[in-house]
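Walk me through this chain.

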Amino acid sequence: MVRGGMLCDIISCGSAISASEKAGEWQSALRICSEMALSKLEYNIITINATISACEKGGQWQRALGLVVDMQQMKLLPNVISYNSTISACEKGGQWQLALGFLVGMQQMESLPNAISYNATISACEKGGQWQLALGLLVGMQQMESLPNAISYNATISACEKGGQWQRALGLLLGMQDN
């Protein structure tokens, strides 16, 4: 890609995308990504993940999903960072079903979910009024190699509270203190 008479490579483009992501400029990150495609400059997992993260931070869950689809068309396998950013984008966009679908998809693609994956999905379920799913995810998390943390418990307690399940919320609070 040529900018101002200078040839930009994947490293400089990736750095610019990361800077855009950190500045909350999702539009700039997408523009650079598009220019890379037009210039036939090859993407890598780092540039795509930074662009997905920029969209997540900008509340652009549809665009984050589009980038994951693009990854698959480019024969790039999403990694835990790709999934976590996409799940967080869905959570922020109130798309608990999609967040849950990506968590399940992670497991099917042999990409082990971590505490961030579970916490974002639990938070998505909490925002969507799905206390049973949030509770199930917390229990599932305990059975996996990813141990629940304060964020996991707080989001699940909040989901139970919103669902009128004060006894369960109290039980989780007491269980949290034991851990």
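**From the strands to the helices**

Read along the sequence, the pattern is β-β-α-α-α-α-α-α-α-α-α-α. That gives the chain ten helices and two strands. The model is a predicted one. Its C-alpha atoms fill a box of roughly 65 × 30 × 25 Å along the principal axes. The chain has 179 residues, and 46% of them are buried. Take the contacts between residues at least 6 apart in sequence: 55% of these join residues at least 24 apart.

Next, the helix pairs. Two packed helices are described by the angle between their axes and the distance between the axes. Begin with helix α1, residues 10-22. α1 packs against α3 at an angle of about 15°, with the axes 9 Å apart. α1 is therefore roughly parallel to α3, since angles under 35 degrees count as roughly parallel. The crossing of α1 and α3 is left-handed. On the α1 side, the contact uses I10, G14, I17, S18 and E21. On the α3 side, T47, A50, T51, S53, A54 and K57 meet them. By class, this contact of α1 with α3 has four nonpolar, five polar and two charged residues.

Helix α3 spans residues 45-57 and also packs with helix α5, residues 80-92. Here the angle is about 15° and the axes are 9 Å apart. So α3 and α5 are roughly parallel to each other. Their crossing is left-handed. α3 contributes I45, N49, I52, S53 and E56 to the contact. α5 contributes I81, S82, S85, T86, S88, A89 and K92. The residues of the contact of α3 with α5 divide into four nonpolar, six polar and two charged. S53 of α3 takes part in the contact with α1 and in the contact with α5.

Most residues other than glycine have a negative phi. K75 is not a glycine, yet its phi is positive, about 65°. Is K75 buried or exposed? K75 has a relative accessible area of 76%, so it is exposed; the cut-off for exposed is over 50%.

Now go inside. The largest nonpolar core has 51 residues. Those with the most contacts inside it are M36, I52, I87, F102, I122, L137 and L172. I52 also belongs to the α3 side of the contact with α5. Which residues does I87 touch, leaving out those up to four places away in sequence? They are A99, F102, L103, M106, S117, A120 and T121.

At a relative accessible area of 11%, E91 is buried, because the cut-off for buried is under 20%. Beyond four places away in sequence, E91 touches A120, S123, A124 and K127.

Finish at helix α8, residues 131-143, where L135 lies. L135 counts as buried, at 17% relative accessibility. L135 and C125 are ten residues apart in sequence, and their C-alpha atoms are 9.3 Å apart in space. Setting aside residues up to four places away in sequence, L135 touches T156, R168 and L172.

Methods:
Residues numbered from 1 in each chain as written. Predicted model: local features only at pLDDT ≥ 70, side-chain atom pairs only at ≥ 80, totals over all residues. Heavy atoms only, no water. Axes fitted to C-alpha atoms, helices over the stretch in contact; angles between N-to-C directions. Helix = DSSP H or I, 4+ residues; strand = E, 2+ residues; numbered from the N terminus. Parallel < 35°, antiparallel > 145°, perpendicular 65-115°, else oblique. Left-handed = near helix turned anticlockwise from the far one by under 90°. Contact = heavy atoms within 4.5 Å. Nonpolar A, V, L, I, M, F, W, Y, C, P; charged D, E, K, R; others polar. Core = buried A, V, L, I, M, F, W, Y, C linked by side-chain atoms within 4.5 Å. Buried < 20%, exposed > 50% of the residue type's maximum accessible area, 1.4 Å probe, protein only.
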